[in-house]
Amino acid sequence: MKCTSRLLFAGVLVISLCTCGCGKDVAIDKPYDISASATNAESEAMTDFDGSSASVHYFAEELCVAPKEQTYSDAVTDEVVEAMGVFLPSDKAISYQKNIYEKMYPASTTKILTAYLAIKQGNLEDMVTISENAVDQASDSSVCGLHAGDQIKLSDLLYGLMLRSGNDAAVAIAEHISGSEESFAQLMNDTARSFGATNSHFVNANGLHDEAHYTCVYDLYLIFAKAIEEDFFLQLIRTTSYTAYYTDASGAQASQTWTNTNKYLNGEVTQPEGITVLGGKTGTTNAAGYCLVLLSNNDKKEPVISIILKSDGRSNLYYVMNQVLANFAK
């Protein structure tokens, strides 16, 4: 126990004694100032009873934090986007925000957390056998083109997850890591909460729409900020095209080539001057609209995380992303 904990207890005790009397106001000589104590705790080392000292650390000390006020700017066409934020980790600041705590559907940006857990919980050299359940996707679903019985290395499967946005890959990864998609979803929720992402709830690994599968811009920032700490994750999101070689159900050698769905990386959209887009993750469903999570560098070589959820169209998604990067990423 820290000495400061004993002081806090004393402060609570004083308050309790003052509020539990006979209803009369009681003047307190030199009352305990809890705000001053918090300041002291931040600026000084706390001392254990054994005389050792420990630095004070706060959960959000390395995070971008800001009040809930919206940002207004004539330079941004924000009416075509439901929620967005620009996060500057070097300054620990949020330079632009709109509805960053509002409940939103993440679509395939969900796969950021799926990939992170595969990297942290799995072995990238593991061979994954694709199940019938994994390939049981709707005809209009985004898939890698794998078949039941195919065997593919986990690292290769992750390229299919993040570049092709394969829903089949997401289910196969969930089953490989946790035995079932349901168990993996619980792991997702537990992990998200450990990051402080308490306004999220996940029920699947791929982001297909479900009323109980939701997040918010700020939670996605927390999850993405953790994911980009992993070198292999950074490698994934920066890759424009990848060919995976694997063994099909008959034992024959097969291959698939996947191209990144990020229009900045495939050259279809030009980034603003002074901004270098490194990579990210797209997502689209009817309910979620068009979504994009990006990692960029500004002209000072500082990292920038920018997120848009529920744009009304793909062209507006990139148009508004360019606006916020040009005006709020530097």
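## Elements of the chain

The model is predicted. By this assignment the chain has ten helices and eleven strands.

Of the 330 residues in the chain, 46% are buried. The accessible surface amounts to about 16100 Å², and carbon and sulfur atoms supply 49% of that area. Among contacts with a separation of 6 or more, 62% join residues 24 or more positions apart.

## Helix α6

Helix α6 covers residues 167-178, twelve residues in total. From its first C-alpha to its last, α6 reaches 17 Å, close to the 16 Å expected at 1.5 Å a residue. Just after α6 comes G179, with a positive phi of about 95 degrees.

Nine of the twelve residues of α6 are buried, so the helix is largely enclosed by the rest of the structure. The buried residues are N167, D168, A169, A170, V171, A172, I173, A174 and E175. They pack against helices α3, α4 (132-135), α5 (154-162) and α7 (181-194), and against strand β5 (127-129).

## Packing of α3 with α8

Two packed helices are described by the angle between their axes and the distance between the axes. For helix α3 (residues 111-121) and helix α8 (residues 217-227), the angle is about 35 degrees and the axes are 10 Å apart. The crossing in which α3 passes α8 is left-handed.

On the α3 side, the contact is made by I112, L113 and Y116. Their counterparts in α8 are I223, F224, K226 and A227. By class, the residues of this contact divide into six nonpolar, no polar and one charged. Helix α3 is also one of the elements against which the buried residues of α6 pack.

## The loop between β4 and α3

Most residues other than glycine have a negative phi. The loop between β4 (93-98) and α3 holds N99, and A107 is also placed in the loop between β4 and α3. N99 is not a glycine, yet its phi is positive, at about 55 degrees. A107, likewise a residue other than glycine, has a positive phi near 50 degrees.

Buried means under 20% relative accessible area. N99 has a relative accessible area of 18% and is therefore buried. A107 counts as buried because its relative accessibility is 1%.

## Strand β7 at T243

T243 lies in strand β7, which spans residues 241-247. With a relative accessible area of 29%, T243 is partly exposed.

Apart from neighbours within four places in sequence, T243 is in contact with S255, Q256 and T257. T243 and Q256 are 13 residues apart along the chain, and their C-alpha atoms are separated by 5.5 Å.

## The loop between β10 and β11

E302 is found in the loop that runs between strand β10 (289-297) and strand β11 (303-311). Setting aside neighbours within four places in sequence, E302 is in contact with S90, S296 and N297.

E302 and L88 are 214 residues apart in sequence. In space, the C-alpha atoms of E302 and L88 are 7.9 Å apart.

Methods:
Residues are numbered from 1 along each chain as its sequence is written. This is a predicted model: local features need pLDDT of at least 70, side-chain atom pairs count only at pLDDT 80 or more; totals for chains, interfaces and linings use all residues. Side-chain values use heavy atoms; hydrogens and water are left out. Axes are lines fitted to C-alpha atoms, for helices over the stretch in contact, and angles run from 0 to 180 degrees between N-to-C directions. Helices (H or I, at least four residues) and strands (E, at least two) are DSSP runs, numbered from the N terminus. A crossing is left-handed if the near helix is turned anticlockwise from the far one by less than a right angle, and right-handed if clockwise. Contact means heavy atoms within 4.5 Å. Ala, Val, Leu, Ile, Met, Phe, Trp, Tyr, Cys and Pro count as nonpolar, Asp, Glu, Lys and Arg as charged, and the others, Gly among them, as polar. The expected span of a helix is 1.5 Å times one less than its number of residues. Buried means under 20% relative accessible area, exposed over 50%, partly exposed in between (1.4 Å probe, protein chains only). Accessible areas come from the Shrake-Rupley method with a 1.4 Å probe; for residues, only the protein chains shown count as cover.
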